[in-house]
Amino acid sequence: MILILFTLAIGLVSCQIRPGGMTNMDPKNPMLQKPARVAATYKDNQNSVSLSDRYGQDYEIIAALKQVVAGVLYNLTLKFTSADNNVTICDVAVLEQSWMQYIGLNGTPNCHTLNQQRIGGYRNVDSSSPEIKAAAAFAVDAINKQSNSLYRNMLIEVVSAQQQVVAGTNYKLVLSV
């Protein structure tokens, strides 16, 4: 009987997960809501703007890892969507030490914005940018070459501008000449 218990104990020890290793978590796990909220709204002494302030109030957890250290370290991937549908992906680490009532960012978030423009779709752009001003000057020169009009150096303002990314760039410009 003693031999059987000893064998079972060895079997249990050999199945343990290595301490300190990262564990995948389901992004929909309710346990992740608090660390995600902290990551999205955290403002430190250097930054008075949180990730939500910068990238949009709407966010979701798209990936999560957990590591037991001196507390629990959550490595989260958050997807922020702004009011104008720009999408930003942020990788953040949140350390929670419950015995100290502490939860905060661990390190600096790594964020990058995705281009969510639909293929073939136009989007509004800044009409005062150097790129748009150059396109407007080109358009006025092209009009001059095609007609007997003399609009040269007569561009008053770019009223509105839209850009379409294709195998190059198309512009829709409303010009006052």
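Tutor: Take serine 50: leaving aside its neighbours within four places in sequence, serine 50 is in contact (heavy atoms within 4.5 Å) with Ala40, Thr41, Tyr42 and Lys43. The model is predicted, so local features need pLDDT of at least 70 and side-chain atom pairs pLDDT 80 or more, while totals for chains, interfaces and linings use all residues. Residues are numbered from 1 along each chain as its sequence is written, and side-chain values use heavy atoms, with hydrogens and water left out.

Serine 50 sits in the loop between α2 (33-41) and α3 (51-55); helices here are DSSP runs of H or I with at least four residues, strands are runs of E with at least two, and both are numbered from the N terminus. With a relative accessible area of 2%, serine 50 is buried, a word that means under 20% relative accessible area for a 1.4 Å probe, protein chains only.

Two atom pairs involve the side chain of serine 50. A polar atom of this side chain lies 3.4 Å from the backbone oxygen of alanine 40. The side chain also reaches the backbone nitrogen of aspartate 53, at 3.1 Å.

Alanine 40 leads on to α2, whose buried residues are Pro35, Ala36, Val38, Ala39 and Ala40. The buried residues of α2 pack against α3, β2 (58-69), β3 (71-81), β4 (87-97) and β5 (102-105). Two of them, Pro35 and Ala36, are among the residues that leucine 76 touches, not counting residues up to four places away in sequence.

Notes. Buried means under 20% relative accessible area, exposed over 50%, partly exposed in between (1.4 Å probe, protein chains only). A polar contact is a pair of N or O atoms within 3.5 Å; within protein, one must be able to donate a hydrogen and the other to accept it, and residues adjacent in sequence count only if both atoms are side-chain atoms.
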